[in-house]
Amino acid sequence: MGDLLSSLNPDEVEGLLDGLSPNAVLSLPWLFDIWALQGHQLAPEGDWTTWVILGGRGAGKTRAGAEWVRSKVEGAMPWDVGECRRVALIGETIEQAREVMVFGDSGILACSPPDRRPVWEATRKRLVWPNGAVAEIYSASNPESLRGPQFDAAWCDELAKWKQGHDAWDMLQFGLRLGHAPQQVVTTTPRPSKLLTDLLTDARTVRTSAPTEANAANLADSFLDYVSAKYAGSRLGRQELQGEILTDVEGAFWSFSSLDACRAEVPDLDRIVVAVDPPVTGGPNADECGIIVAGVTMQGPPQDWRAYVLEDASVRGSPQVWAERAVAKAREYDADRLVAEVNQGGELVESLVRSIDPLVPYRAVRASRGKATRAEPVAALYEQGRVFHCDGFADLEDQMCAMTVSGFTGKGSPDRVDALVWAITDLMIAPALHFQRPRVRGL
């Protein structure tokens with residue numbers, strides 16, 4: 001029933017409400033199954049031990065955790081016993097557990113109806129329900145506090161922030177030993193964390209996720225407009241707004257944080273190229289065709305040149321599809337040249353491009369070294385702060401951060417990175433090799 005009311009138009013909502021008794025209408029705010037965002041706020045079915053709820057800021061993770069605890073401890077009537085009697089509430093610190101999980105706007109007290117609302121016992125740091133169920137708060141920064149107590153359910157908040165995460169998690173697992181099948185819920189923004197990564201690979205873990213915008217109805221429009229405009233496409237935005245897990249690969253040429261640091265506005269450019277890395281085969285199951293548009297400022301000696309990645313126009317489709325896209329981008333940006341790798345297609349690549357536009361400036365390039373070897377000098381230019389991205393290119397940057405000295409560690413083929421390498425090579429590396437510093441004649 002999640003998203004039920006939000007899926008109805010105003011007339012349908014009014015008709016539904018008119019058919020309910022006064023008591024039923026009063027109970028509606030407390031029936032979470034009606035209001036929940038079904039994709040990530042309702043517990044998945046099945047035999048699981050851990051439910052991990054990943055989400056962007058404001059996506060509704062805390063509300064989902066609080067409502068799950070309610071569903072476990074409450075019975076049919078306020079004094080009826082529920083499925084669980086002893087619950088652990090664990091935050092990074094005691095203060096965060098209390099202020100977010102207990103007293104927060106989406107915490108347990110705010111979500112509980114008056115006749116089932118638990119009482120907060122401050123001296124004992126616990127909630128006590130009318131039916132006798134108890135939830136105690138703990139700090140993940142003090143793992144030893146979890147040695148001894150036992151539980152039949154647990155809610156862990158912002159696990160990816162826990163500084164002593166593995167120790168606290170291990171102590172909790174030893175204490176989660178009451179009832180027939182104890183379960184635990186984790187609500188967290190997916191910051192890089194080995195504990196979180198390990199947990200997500202556990203066969204007993206289920207996962208739901210959602211971006212911040214999934215809960216837009218409960219967030220201020222000004223907040224969404226501001227954070228979307230400021231952080232869209234950045235590593236921080238993908239993590240904090242989209243709820244994505246972004247982990248750097250050991251030995252990679254690029255990291256997500258370094259790419260975040262290379263955002264820049266585009267100045268007037270001296271040259272623009274469209275670089276193409278065609279797939280080996282065509283058809284719906286073929287790799288993507290990497291198409292990258294980039295430009296360069298060439299004022300002064302080569303060490304002062306700066307390159308700017310303008311667009312990732314990569315596409316999956318037939319040779320006709322990607323050739324038309326590449327030529328269209330060359331026209332759109334008034335590019336000085338279209339650069340295409342021809343290892344796979346040879347002269348057929350140029351024939352295809354010229355069948356669409358006979359006059360497009362064209363240069364064929366042939367790879368004589370491996371992908372990693374070709375990428376290394378381009379990565380060096382990034383390290384020197386000489387290549388910038390005018391936007392967040394999520395798919396391209398994912399491939400970049402999976403390119404290592406040993407090769408590409410991601411899925412499929414790094415077509416976008418290959419096209420990027422050809423673009424930057426044509427704009428900066430190849431011209432620099434032929435650059436002649438003018439000599440000053442002696443008097």
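Which residue in β5 does arginine 126 stand opposite? Keep that question in mind while the tour sets out the whole chain and then comes to the strands concerned.

This is a predicted model, in which local features need pLDDT of at least 70 and side-chain atom pairs count only at pLDDT 80 or more, while totals for chains, interfaces and linings use all residues. Residues are numbered from 1 along each chain as its sequence is written, and side-chain values use heavy atoms, with hydrogens and water left out.

**The whole chain**

Begin with the protein chain coloured by secondary structure, where there are 16 helices and 16 strands; helices (H or I, at least four residues) and strands (E, at least two) are DSSP runs, numbered from the N terminus. Of its 443 residues, 48% count as buried, where buried means under 20% relative accessible area, exposed over 50%, and partly exposed in between (1.4 Å probe, protein chains only).

**The eight-stranded sheet**

Select next the open sheet of eight strands, which has mixed pairing and runs in the order β3-β4-β5-β2-β6-β7-β1-β8; two strands pair if DSSP finds at least two bridges between them. At its edges stand β3 (119-121) and β8 (205-210), each with a single partner strand, so one side of each is left without a neighbour in the sheet. From one strand to the next the twist averages 20 degrees, with axes taken as lines fitted to C-alpha atoms, for helices over the stretch in contact, and angles running from 0 to 180 degrees between N-to-C directions.

Now show residues 126-128, which are strand β4, and residues 134-139, which are strand β5: the two pair in the antiparallel sense over three bridges.

**The six-stranded sheet**

Move on to the open sheet formed by six strands in the order β13-β12-β9-β10-β11-β14, where the pairing is again mixed. Its edges are β13 and β14 (387-389), each with a single partner strand, so one side of each is left without a neighbour in the sheet. Strand β9 (residues 271-277) pairs with β12 in the parallel sense over four bridges, and in β12 the bridge partner of alanine 275 is valine 339.

Two helices belong in this view. Helix α16 packs on the sheet, touching β9, β10 (290-297), β11 (306-312), β12, β13 and β14, whereas α13 lies across β12 and β13, running at about 160 degrees to β13.

**Helix α13**

Select residues 347-356 and show the side chains: Val349, Leu352 and Val353 are buried in helix α13. Seen down the axis, these buried residues fall within an arc of 95 degrees (taken from the directions from the helix axis to the C-beta atoms), so they line one face of the helix. They pack against α12 (319-332), β12 (337-341) and β13 (362-365), while on the other side of α13 Glu347, Leu348 and Ser355 are exposed.

**Arginine 416**

Finish at arginine 416, found in helix α16 (residues 415-433), which counts as buried at 7% relative accessibility. Leaving aside its neighbours within four places in sequence, arginine 416 is in contact with several residues, among them Glu288, Asp312, Asp395 and Gln399.

Conventions. Contact means heavy atoms within 4.5 Å.
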